[in-house]
Amino acid sequence: MPAKKKTVAKKKAVAKKKVVAKKKVVAKKKSVAVKKKTESRKKPVTQKKVSSAKSNRSNNDFSTFTPYETQKGEEYMNEVQLEHFNSILNSWKQELMMEVDRTVHHMQDEAANFPDPNDRASQESEFAMELRARDRERKLIKKIDESITMLESGDYGYCEQCGIEIGIRRLEARPTANLCIDCKSLDEIMEKSRS
Ligand SMILES: [Zn+2]
């Protein structure tokens with residue numbers, strides 16, 4: 001893909017000025033973004049798989065970022081955009097990891113607090129549910145890590161199947177997306193026909 005080559009070449013040049021350039025843009029963006037936040041904040045549409053609403057709240061918390069505003073003629077996945085997604089991915093990961101930690105501690109505290117077998121049984125099934133939720137979170141963390149690796153290698157933001165740009169909005173709704181919307185839909189259709 002030509003896109004890949006470009007990113008590598010670009011990266012080198014970028015590395016030097018990165019720190020300076022990045023800071024300026026972020027500072028500028030903030031004041032504008034704060035105002036806009038309330039109106040332009042949309043619910044992440046693609047987050048459909050989130051079940052068991054109670055304990056999964058944190059899975060959606062990456063949406064606390066400020067939506068990226070593209071400048072005219074801006075290059076896709078330039079250093080500012082990369083930084084934007086890097087920070088989304090990292091803070092999302094942090095939150096998930098804190099959530100995992102919290103549950104482990106919570107379960108340690110609660111464990112063996114119920115001498116009554118009935119209470120114990122209901123507690124155990126509650127734990128089992130928690131563990132499943134944590135398991136999902138761990139998998140999600142793994143996906144986030146993969147995305148961060150792709151960010152570093154310059155592959156982030158491009159469809160793994162067809163190489164097309166996945167797009168800022170789709171990535172903001174689903175920061176770990178590695179397929180464009182078309183390939184993703186196709187993928188889902190194929191999956192259904194297989195099972
Ligand atoms: Zn594609």
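## Fold

Along the sequence, the chain reads α-α-α-α-α. It holds five helices and zero strands. Helices (H or I, at least four residues) and strands (E, at least two) are DSSP runs, numbered from the N terminus.

This is a predicted model, where local features need pLDDT of at least 70, side-chain atom pairs count only at pLDDT 80 or more, and totals for chains, interfaces and linings use all residues. Residues are numbered from 1 along each chain as its sequence is written, and side-chain values use heavy atoms, with hydrogens and water left out.

## Surface and contacts

The accessible surface of the chain is about 13,100 Å². Carbon and sulfur atoms hold 56% of it. Areas come from the Shrake-Rupley method with a 1.4 Å probe; for residues, only the protein chains shown count as cover. Of the 195 residues, 34% are buried. Buried means under 20% relative accessible area, exposed over 50%, and partly exposed in between (1.4 Å probe, protein chains only).

Take the contacts (heavy atoms within 4.5 Å). Among those with a separation of 6 or more, 65% join residues 24 or more positions apart.

## Nonpolar core

The largest nonpolar core has 27 residues. Such a core is a set of buried Ala, Val, Leu, Ile, Met, Phe, Trp, Tyr and Cys residues joined through side-chain atoms within 4.5 Å. Y76, M77, F85, Y156 and L171 touch the most other members. Helices α2, α3 and α4 each supply at least two residues of this core. The most come from α2, which gives seven.

F85 touches M77, L151, Y156, I168, L171 and E172, leaving aside residues up to four places away in sequence. M77 sits in the loop between α1 (2–40) and α2 (79–110). M77 is buried, at a relative accessible area of 1%. Its phi is near 60°, a positive value in a residue other than glycine. Most residues other than glycine have a negative phi.

## Zinc site

Four protein donors face the zinc ion: C159 (SG), C162 (SG), C180 (SG) and C183 (SG), at 2.2 to 2.3 Å. Donors are N, O and S atoms within 2.8 Å of the metal (3.2 Å for Na, K and Ca); water is not among the atoms, so sites may look incomplete. The site is tetrahedral, with angles of 105 to 115° among the four donor atoms.

The donor spacing in sequence is C-x2-C-x17-C-x2-C. C162 and C183 link distant parts of the chain, 21 residues apart. C162 lies in the loop between α3 (117–153) and α4 (168–173), C183 in helix α5 (residues 181–194). C162 is partly exposed at 39% relative accessibility, whereas C183 is buried at 11%.

Note on methods
Tetrahedral: all angles 85-135°; square planar, octahedral: opposite > 155°, others 65-115°.
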